[in-house]
Amino acid sequence: MSDHSQLPPRFRAPSALTWVVVVGFAAFFIQGVIASDISFDRLMRGANNLVRFVGQAVPPDFTRMPNIADAMLETMNIAIVGVTFGCLFSIPLAILAARNTAPTMLVRTIARFVISVARTIPDLIWALIFVVTVGLGPLAGILAIIMDTIGFAARFYSERFEEVQKGPAEALTATGAGRLSVIFGAILPESFASITATSLFSVEKAIRSAVTLGLVGAGGIGVELSTAMRLFRYDQAAAIILVILVVVIGFEQLSSMIRKRII
Amino acid sequence: MTHAIEADRLVVSYGNLQVLRGISFTVPAGQGVVLLGANGCGKSTLMRSLNGLEKLQSGTIRIHGDTLSGAGRRDLRKIRQSMGYVFQHFNLVPQLNAFQNVLLGSLGRQRFGLLSCLSLTASAADRAKAMHCLDRVGMADRALHRPSELSGGQQQRVAIARMLMQDPRVVIADEPIASLDPKAGREVLDLLWRIVTEEKLSMLCTLHQLELAQEYGDRILGMKAGRVEIDAPIAETDTAQLNALYTGMTRVDAQPTEAAA
């Protein structure tokens, strides 16, 4: 009984910072629950409406299939064209942004800033911006996908560049090669597998976001979907959602198959 | 006659740690010099600074009379072109096959850099030369293999072929056989030395095996704690003297204050 003082305490008071964070979070959470007016009554009514929606959506109406297929094709066009340009622009940006390939600190800071701006602004907001600047239609969607892809791909490319082993690049430098030759002769080949995987992942991401871009008028299947919803043609909407589901899942399967082959 | 390598009072520091503490030596053209020294005595730093991969604090390096220290980017590249470098870890680009790796050896002298070094775009003469280099190191039948499909000794042969492709006048070999087993190591060293002799190149080569150093080298350069301790023709050195390089204060980071003494 003499060693009491050495026993660890059962409870240690949390630090002041922990208190502030916990209390702040709790307050914000409770305020959020109250503000969003969650009540049992509303949830019940919502469930009823959901059943009615599903009732009207089944069976899906595929009579407008040609239009849906057209719009889906446009969505895929937006995704593929946007992601291709996005990935192409990402490579030089990533080279400027990676520690071991950037020409100067200033350029690196600027490149990283551009990339993080492209990433922080969500794709729908890019779409809104481009709808205002280039007008409604697929071009706005393509530009939005390009920005979205740059934010994602350029960051991962540049992180990969920073991870490559120094040896091969040093060996080429020692032959008297210029900077660009070293980058494209040693650093890029070493990152190639990872770049391909990231690019394929960007394609999957782009297809998913291209679907929603139509909601703000940037072309593609989203336009059809929002029209059907607004006209209360839930059966048509269901058909569109099914087509989206099939295409997106198909694309993800295809790209993960390719990725497994490469890595 | 100008020397292949002339180093005069080289000093290199990392922060407060002085790694090279006033190193002076020369490598006459056509001579094969073996550099000996314990781990951490500054050998690698010296080798790297000879190629401009490490910055000098003071001192001068001349390669065939051209001053390397303070050279502009273009001059530096020109000096590097004349200097082949063989690394301990081969440093081949892992994603490219042996043939393409060898072609990259000519990067320095191509006007359009990489654009004229790819297997697809290289001139017929360069392609034939690369194949010839692979043939000289006995790797012609492995031209389309990637480094991961080759053994360590074979990878170092490909690296030597890349060095040959470069047409150097001086060769720097930084522990070229340290990651190989004794048999493969001896084969690679045989090959390297034969090529250097045949091409009448000058070489500075670090080794860890005293008997190999005595067998191959024309001259021995012994380093200890950032200084040159031995600089003598092979016949004038004895094993006890060489062994002394590996005892006592060998490392540069053993006692940094010693530098002032």
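**Figure 1. The antiparallel pairing of S9(B) and S10(B) in the predicted model.** In this predicted model, strand S9 (residues 219-224) of chain B is joined to strand S10 (residues 227-233) of chain B by 6 bridges, and the two strands run in the antiparallel sense. Within this pairing, Gly222(B) has Ile230(B) of S10(B) as its bridge partner. The hairpin that S9(B) and S10(B) make has 2 residues between the strands, and in this hairpin Ala225(B) adopts a positive phi near 45°.

Figure 2. Of the 6 residues of S9(B), 6 are buried, so the strand is largely enclosed by the rest of the structure. Both of its faces are covered, with Arg219(B), Leu221(B) and Met223(B) buried on one side, and Ile220(B), Gly222(B) and Lys224(B) buried on the other.

**Figure 3. An open sheet of chain B.** Taken in order, the 4 strands of this open sheet are S2-S1-S4-S5 of chain B, and their pairing is antiparallel. Strand S2 (17-27) and strand S5 (66-67) of chain B are the edge strands, each of which pairs on one side only.

**Figure 4. Helix H5 of chain A and its buried face.** Helix H5 (residues 123-134) of chain A is made of 12 residues and reaches 16 Å from its first C-alpha to its last, close to the 16 Å expected at 1.5 Å a residue. Its buried residues are Asp123(A), Trp126(A), Ala127(A), Phe130(A) and Val131(A). When H5(A) is seen down its axis, these buried residues fall within an arc of 140°, so they line one face of the helix. An α-helix has 3.6 residues a turn, so residues three or four places apart point the same way. The buried residues of H5(A) pack against H6 and helix H8 (179-213) of chain A, whereas Val132(A) and Thr133(A), on the other side of H5(A), are exposed. Just after this helix, Gly135(A) takes a positive phi of about 90°.

**Figure 5. The largest nonpolar core and the surroundings of Ala144(A).** The largest nonpolar core contains 140 residues, and those with the most contacts inside it are Ala144(A), Val102(B) and Ala161(B). Helix H6 (residues 138-163) of chain A supplies the largest share of this core, with 13 residues. Leaving aside residues up to four places away in sequence, Ala144(A) touches Asp123(A), Trp126(A), Ala127(A) and Phe130(A), and also Leu213(A) and Ala218(A).

**Figure 6. The contact between chains A and B.** Chain A contributes 18 residues to the contact, and chain B contributes 22 residues. On the side of chain A that touches chain B, the elements that give two or more residues are helix H7 (166-174) and H8 of chain A, and H8(A) gives the most, with 8 residues. The residues on this side of chain A divide into 10 nonpolar, 6 polar and 2 charged.

Terms used
Residues numbered from 1 in each chain as written. Chains lettered and ligands numbered in written order. Predicted model: local features only at pLDDT ≥ 70, side-chain atom pairs only at ≥ 80, totals over all residues. Core = buried A, V, L, I, M, F, W, Y, C linked by C-beta atoms within 7 Å. Buried ≥ 20, exposed ≤ 12 C-beta atoms within 10 Å, placed from the backbone. Contact = placed C-beta atoms within 7 Å. Expected span 1.5 Å × (residues − 1). Arc of directions from axis to C-beta. Nonpolar A, V, L, I, M, F, W, Y, C, P; charged D, E, K, R; others polar. Pairing = 2+ DSSP bridges.
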